[in-house]
Amino acid sequence: MWRTATLVATRDETPDARTLVMEVPGWPGHLGGQHVDVRLTADNGYQATRSYSLAAPADNDRVEVTIQRVADGEVSPYLTDGLSLGDAVEVRGPAGGWFVWRPGDPGGVLLVAGGSGIVPLMAMIRARRAAGSAAPFRLVYSVRTPEERYYAAELDQLADEVGGPELAYVYTRTAPAGATRPAARIGAADLPPPGWSPDSEETCFVCGPTGFVEAVSALLVSLGYDPRRIKTERFGPSGQ
Amino acid sequence: MGVFSPGFRGRSVETNAALPPGQHETRDFPVLSAGPTPHVPLDRWEFTITNEAGHKTTWSWPQLLALPSQTPTVDIHCVTSWSKLGTTWRGVSLDALLEDIDTAADYALIHSYGGYTTNLPLEDLLSGQAWIAYEFDGEGLAPEHGGPARLLVPHLYFWKSAKWVRGIELLLEDEPGFWETAGYHDYGDPWREQRYQGD
């Protein structure tokens with residue numbers, strides 16, 4: 001069923017990405033990694049629907065998505081720039097029962113994000129914290145430049161907490177001054193081999209553009225991770 | 001009653017009759033899959049149909065290529081709302097593969113290398129509606145798009161067109177596959193917008 005979602009807050013994550021906080025009466029809740037369908041209706045009745053990853057656990061009826069502005073996109077520029085506080089769209093969901101982390105799932109969790117692929121993985125990190133879970137979490141986050149990181153301050157703060165997730169950045173174009181790792185595409189040395197968590201049955205979640213997901217999931221298989229424990233989600237060019 | 005989006009015009013004001021409800025056209029070929037891409041050496045590739053009595057019929061890669069092929073041009077519709085119109089494939093019709101199989105089954109469960117499964121009624125694989133496809137746009141099918149061979153059943157949402165297809169299990173009772181167990185629709189007709197359970 002479609003529900004009315006009212007925009008109640010926005011946050012700019014980068015010059016190209018904005019988080020929308022929406023109030024959705026009756027929202028049934030969701031798991032980290034799930035997505036929501038968003039539908040726009042023009043005054044002539046034309047409708048356009050896109051699927052977006054939820055960025056955080058539900059806060060009662062409040063849900064968050066982070067949307068990357070696709071320059072010639074049909075829907076994303078309207079959502080990031082055309083929508084004002086108090087405006088409404090329609091949403092349906094949550095959807096997706098595979099690329100999800102449930103608090104209480106056994107074993108360590110390796111998250112590997114490429115660019116805007118961080119969004120569903122951030123939802124898992126936030127869900128872990130909200131649940132007070134001590135599950136071992138590691139995030140490897142590949143971005144072109146430091147400025148393109150989403151949620152940078154929050155991630156750094158979480159990583160500093162006792163029992164917080166371990167965090168490593170991979171910069172592919174420009175590394176920050178003083179970085180020991182030169183800017184380069186992600187490689188096997190950027191990923192921990194299996195067995196890094198105490199209970200060692202790690203599950204990997206990989207999200208990003210197709211080429212990134214292909215490369216990283218192949219690296220993880222070659223490092224010895226069980227392919228059945230590597231879950232992938234790809235943001236195709238028109239997935240936005 | 002709906003919620004209107006003031007100032008939203010959308011891209012296509014006139015409706016494209018080839019697009020099912022809620023779909024938009026893409027010229028790219030996005031990739032969606034749940035895990036790592038399996039790489040299956042052709043000398044070890046095989047395709048097996050197992051009937052409800054457990055009898056197996058298997059084709060090797062050269063045996064598949066030796067069968068008469070067809071080149072369907074079809075529209076494909078992904079549940080994530082993109083559609084790609086007028087795609088051209090080469091493959092073997094399931095009518096040919098199922099012709100000599102002795103079965104009274106009503107259902108099929110498709111199995112892939114890598115462990116993926118999806119289910120559909122057997123009749124949806126027959127009557128020129130489904131192929132084991134091994135070329136896309138005149139080229140060998142790339143691994144990320146399901147190569148060496150995938151099921152092509154374009155009248156249903158594209159998750160039914162299992163990549164890296166390894167076999168078909170014929171069943172007397174319907175058995176949900178991977179996405180069908182994870183909340184997606186059992187049948188998945190794009191024209192009736194059967195995306196999720198309950199649609």
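Student: Which residue stands opposite A:Glu23 in strand 5 of chain A?

Tutor: Helices (H or I, at least four residues) and strands (E, at least two) are DSSP runs, numbered from the N terminus. A:Glu23 stands opposite A:Arg62 in strand 5 of chain A. Two strands pair if DSSP finds at least two bridges between them. Strand 2 and strand 5 of chain A pair in the antiparallel sense over 7 bridges.

Student: Before we continue, how should I treat the numbering and the model itself?

Tutor: Residues are numbered from 1 along each chain as its sequence is written, while chains are lettered from A and ligands numbered from 1 in the order in which they are written. This is a predicted model, in which local features need pLDDT of at least 70 and side-chain atom pairs count only at pLDDT 80 or more, whereas totals for chains, interfaces and linings use all residues.

Student: How do strand 1 and strand 2 of chain A pair?

Tutor: They pair in the antiparallel sense, over 7 bridges. A hairpin of 2 residues joins strand 1 of chain A to strand 2 of chain A. Within this pairing, A:Val21 in strand 2 of chain A is the bridge partner of A:Ala9.

Student: Is strand 2 of chain A mostly covered or mostly uncovered?

Tutor: A residue is buried if 20 or more other C-beta atoms lie within 10 Å of its own, exposed if 12 or fewer, and partly exposed in between, with C-beta atoms placed from the backbone. Strand 2 of chain A (residues 17–23) is mostly covered, with 5 of its 7 residues buried.

Student: What can be said of helix 2 of chain A and its span?

Tutor: The expected span of a helix is 1.5 Å times one less than its number of residues. Helix 2 of chain A has 13 residues and should therefore span 18 Å, which agrees with the 18 Å between its end C-alpha atoms. The helix is mostly covered, as 10 of its 13 residues are buried. Among them are A:Ile118, A:Leu121, A:Met124 and A:Arg128. After helix 2 of chain A comes A:Gly132, whose phi is positive, near 65°.

Student: Which residues have the most contacts inside the largest nonpolar core?

Tutor: In soluble globular proteins, nonpolar side chains tend to be buried together. A nonpolar core is a set of buried Ala, Val, Leu, Ile, Met, Phe, Trp, Tyr and Cys residues joined through C-beta atoms within 7 Å. The largest one has 66 residues, and those with the most contacts inside it are A:Leu111, A:Val112, A:Leu121 and A:Phe205. Helix 2 of chain A gives the largest share of this core, 8 residues. Domain 1 (3–95) and domain 2 (109–234) of chain A both contribute residues, so the core lies between them. A second, separate core of 42 residues includes B:Phe47, B:Val92, B:Leu97 and B:Tyr116.

Student: How far apart do the C-alpha centres of the two domains of chain A lie?

Tutor: Domain bounds come from an automatic or database domain assignment. The C-alpha centres of domain 1 and domain 2 of chain A lie 24 Å apart. Two residues are in contact if their C-beta atoms, placed from the backbone, lie within 7 Å. The contact takes 12 residues from domain 1 of chain A and 14 residues from domain 2 of chain A.

Student: How many residues does each chain give to the contact between chain A and chain B?

Tutor: Chain A gives 35 residues and chain B gives 31 residues. On the side of chain A that touches chain B, helix 4 of chain A supplies the largest share, 5 residues.

Student: Where do the backbone angles deserve attention?

Tutor: Most residues other than glycine have a negative phi, and most peptide bonds are trans. A:Tyr151 has a positive phi, near 55°, and lies in the loop between strand 8 and helix 3 of chain A. A:Tyr151 is buried, with 24 other C-beta atoms within 10 Å. B:Asp137 also has a positive phi, near 55°, but B:Asp137 is exposed, with 10 other C-beta atoms within 10 Å. A cis peptide bond joins A:Gly93 and A:Pro94, with omega about 5°, and A:Pro94 is in strand 6 of chain A. The peptide bond from B:Gly147 to B:Pro148 is cis as well, with omega near 10°.
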